Amino acid sequence: MDNRQEVREFLVSRRAKITPEQAGVPAGSNRRVPGLRRSEVAALADVSIEYYSKLERGALAGVSATVLDAIARALQLDEAERAHLFDLARAADGTSAIVRPRRRTKGKQWTPHRSLQWTLDAVTAGPAFVRNGRMDLLAANQLAQAFYSPVYDSREQPPNIARFQFLDQASHDFYPDWDAFADICVAILRTEAGRNPYDKELHDLVGELSTRSEAFRTRWGAHNVRHHSTGLKTFHHPVVGDITIAYEGLEMATEPGLTLTIYTAEPGSPSEEALRLLASWTASHEAEPTTRNISR
C-alpha cells in the first residue's frame, strides 16, 4: 500500500469531517471545500500552511510526536484515529517493523500453542476465539465454531469474517444490522493497514474485496478506523435465532497482532438461554477440529 497516498487521503478525509463551527473558527463565505481549509488546520495546529500542506501531501517521515499531537487535536481525532495517524507516521519513517512485528510471509502456517487451545476450550459459557487483523479466524472453542458456523461453512475460505461479510449473501441473515457490521469490519481492516502497511495478504484481501464488492470499496474509501475491544452486538444465528452478546477483545502480548475475543450474554436474558441451547446443540453434533492451520 502506498503510504503517502494513505496519509494524504486520511488527512483530507478527517479535515472534511470538521466544520468551522466545530473547530471554533469563523465560517466565512465562498467555502469551496467541505470541512476546514488547510490554512485553518495549520493555524489550529500552530504550524505554517506550507508545512501542513506538505504533510497532507503524504510527507509524514520525520514528523515529531508533538506536531502529530497538534494535528490530531486540530482535526479532533478520536483515540483510534490518533493511533492510526501515528501508525502512518511510523510506516513513513520505516520504523513500523520495529514498533509492530511484520506478519509471517505467505505460505508459513500458524498453529495455536496447545496451552492456548486448552484456554479456549476451558471457556464453556460463551464463544472464545483468536483472530488476526485481517479478520481470519485462527483458533476457536467448539461453541465459537458453532456460533460462527455460517463463516466456517461459507464458500469463501479460509474462514475470514471480512470475506464472509462482503462476499457471502448469508451474512445479511447472520447480521441483522448488516450496514453497521460492514462499517466496523472495514474500519478494523483500515486500522490494520495503518499498523501493517507491508502485509501482502492484507493487501491482497483488500484488493479482492474492492474488486468484488462495491459496498466494501465505498467504505474503504472513507478511511474510517476504530478500536474494537468491547461492546454489544446482535446476531441472527441459523440454529437459535437472535442473540445479543457482549464482547471483550484482548490483545495477545505473546503474539503481537492477534486478538483473543470472548462472547457472553447478560445473565438471565433470552440471549443467555440461546447460548446454552447452542452449546447443547453443539455437544449433540460431532465437532469439527478446533485447530485450523491458517497463515497468520
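What is the handedness of the crossing of H3 and H5? In this predicted model, the crossing of H3 and H5 is right-handed. Helix H3, which spans residues 38–45, packs against helix H5, residues 65–74, at an angle of about 120°, and their axes lie 8 Å apart; the two helices are therefore oblique to each other. On the H3 side the contact is made by Val-41, Leu-44 and Ala-45, which meet Ala-70, Ile-71 and Ala-74 of H5. Sorted by class, this contact of H3 with H5 holds six nonpolar residues, with no polar and no charged ones.

The nonpolar cores can be set out as follows.

| Core | Residues in the core | Named members |
|---|---|---|
| Largest nonpolar core | 43 residues | Phe-147, Tyr-148, Tyr-175, Leu-189 and Phe-235, which touch the most other members |

To the largest nonpolar core, helix H13 (residues 178–195) gives the most, with nine residues. Phe-147, leaving aside neighbours within four places in sequence, is in contact with Pro-127, Phe-174, Phe-235, His-237, Ile-243, Ile-245, Tyr-263, Leu-275 and Leu-278.

Ile-245, one of these contacts of Phe-147, is placed in strand S4, residues 241–251, and counts as buried because its relative accessibility is 0%. Not counting residues up to four places away in sequence, Ile-245 touches Phe-147, Gly-231, Leu-232, Lys-233, Phe-235, Tyr-263 and Thr-264. Between Ile-245 and Asp-69 there is a separation of 176 residues in sequence and of 35 Å in space, taken from C-alpha to C-alpha.

Note on methods: Residues numbered from 1 in each chain as written. Predicted model: local features only at pLDDT ≥ 70, side-chain atom pairs only at ≥ 80, totals over all residues. Heavy atoms only, no water. Axes fitted to C-alpha atoms, helices over the stretch in contact; angles between N-to-C directions. Helix = DSSP H or I, 4+ residues; strand = E, 2+ residues; numbered from the N terminus. Parallel < 35°, antiparallel > 145°, perpendicular 65-115°, else oblique. Left-handed = near helix turned anticlockwise from the far one by under 90°. Contact = heavy atoms within 4.5 Å. Nonpolar A, V, L, I, M, F, W, Y, C, P; charged D, E, K, R; others polar. Buried < 20%, exposed > 50% of the residue type's maximum accessible area, 1.4 Å probe, protein only. Core = buried A, V, L, I, M, F, W, Y, C linked by side-chain atoms within 4.5 Å.
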